[in-house]
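Visitor: Hi, I'd like to go through a model with you. Could you put it up for us?

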Amino acid sequence: MENQQPKVISGIEIWQWRNIAIQSAIAHDVSPLEVDWLLQEIAGLDRLALRLESFKAWNQIQIQLSLQELDLLWQSRLYERLPVQYIAGVTPWRKFKLAVSSAVLIPRPETEMLIDLAVAAANQCQDVSWNVSTQQHWADLGTGSGAIALGLAEVLTNATIHAVDLSAEALAVAKTNAENWGFIERVNFYQGSWWEPLESLKGQFSGMVSNPPYIPSDTVLTLQPEVVKHEPHLALDGGVDGLDFIRHLIEVSPQYLRPGGVWLIEMMAGQADIVRELLENNGNYCHISIHADLAGIERFAVAYIKNV
């Protein structure tokens, strides 16, 4: 959508389309707030103008799509359950507005807490050979849109972030986001599986953050249609019990993280006890903790590599 020439239409035309779209949203159990968010993104209208409907009197409004194109996409939202973020091509996440496409999972608000937990972990490690003020290497494994990598780059100002994804299409989106937000010099991108592209840096990482696929295979197809029909299953399916990739990260990460380094993942509701047990049984981890998201769901696991 970014490559299209803007169209110019009248405020009254947008007003008429908006009224119909809001009614159709309600009829199809879609939040009518999505209509205004979409118009903010593709027509540059602000919330106040939308609320007061003052744009109705404007003669010319630049819009990234024709009303016909917009309406076709909106029909896809209603009937095909295409996520509104994919229609707009962007989604808000922390302080960023990130480009998204169907090649990447739409970053969720709860995942923002991974960045806060990473900062807390870095600040707690004053007793080992690194801390938040020293040069560090951090890994974002399964980067997708690059959200976590950018979040880490923003707050860990002395760190080089190494972002890995199996999907070349996802990496293209992540690189676009890094360029848009001025982090392309501090985030390195690699195509490959988990730690494999980072073998030359074994033992040098201060931290690893990952939001891996963690949904059991049988559960993926029962998710809401917006997810099942449009988001990449590669980023969702975690195997029979949802823990295939978390097990792998628990097993392999001690070879890459330095003593005192932090291991941090997002997981599914109900997996915390098993993840804690897997970390404990591995023998390389200490100070294991589970953290809830804002809804009270145990969603994050933090552990440190033992100082040998």
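Guide: Let's start with a pocket: the lining of the second largest pocket has eight nonpolar, three polar and seven charged residues. Here Ala, Val, Leu, Ile, Met, Phe, Trp, Tyr, Cys and Pro count as nonpolar, Asp, Glu, Lys and Arg as charged, and the others, Gly among them, as polar.

Visitor: What volume does the second largest pocket have?

Guide: About 340 Å³. A pocket is an open set of points on a 1 Å grid over the protein atoms alone, where a 1.4 Å probe fits, with protein on both sides within 12 Å along at least five of seven lines; lining residues have an atom within 4 Å of a point. Points are joined across faces, edges and corners, and the volume is the space filled by probe spheres set on them.

Visitor: Which residues are closest to the centre of the second largest pocket?

Guide: Of its 18 lining residues, Q85, I106, P107, R108 and P109 are the closest. Strand β3 gives the largest share of that lining, three residues. Helices (H or I, at least four residues) and strands (E, at least two) are DSSP runs, numbered from the N terminus.

Visitor: And what about the largest pocket, what is its volume?

Guide: About 880 Å³. The largest pocket is lined by 42 residues, with L105, N211, P212, A235 and L236 nearest its centre. By class, that lining splits into 27 nonpolar, 10 polar and five charged.

Visitor: Where does this model come from, and how is it handled?

Guide: The model is predicted, so local features need pLDDT of at least 70 and side-chain atom pairs pLDDT 80 or more, while totals for chains, interfaces and linings use all residues. Residues are numbered from 1 along each chain as its sequence is written, and side-chain values use heavy atoms, leaving out hydrogens and water.

Visitor: What is the mean pLDDT of the chain?

Guide: The mean is 88, and 94% of residues reach 70 or more; pLDDT is the predictor's confidence in each residue, from 0 to 100. Over residues 126–133, though, it is below 50.

Visitor: New topic: is Y256 buried or exposed?

Guide: Y256 counts as buried because its relative accessibility is 4%, and buried means under 20% relative accessible area (1.4 Å probe, protein chains only). Y256 sits in the loop between α11 and β9.

Visitor: What does Y256 touch?

Guide: Beyond residues up to four places away in sequence, its contacts (heavy atoms within 4.5 Å) include W195, L198 and F205. G203 is another one of them, and the C-alpha atoms of Y256 and G203 are 4.2 Å apart.

Key
Buried means under 20% relative accessible area, exposed over 50%, partly exposed in between (1.4 Å probe, protein chains only).
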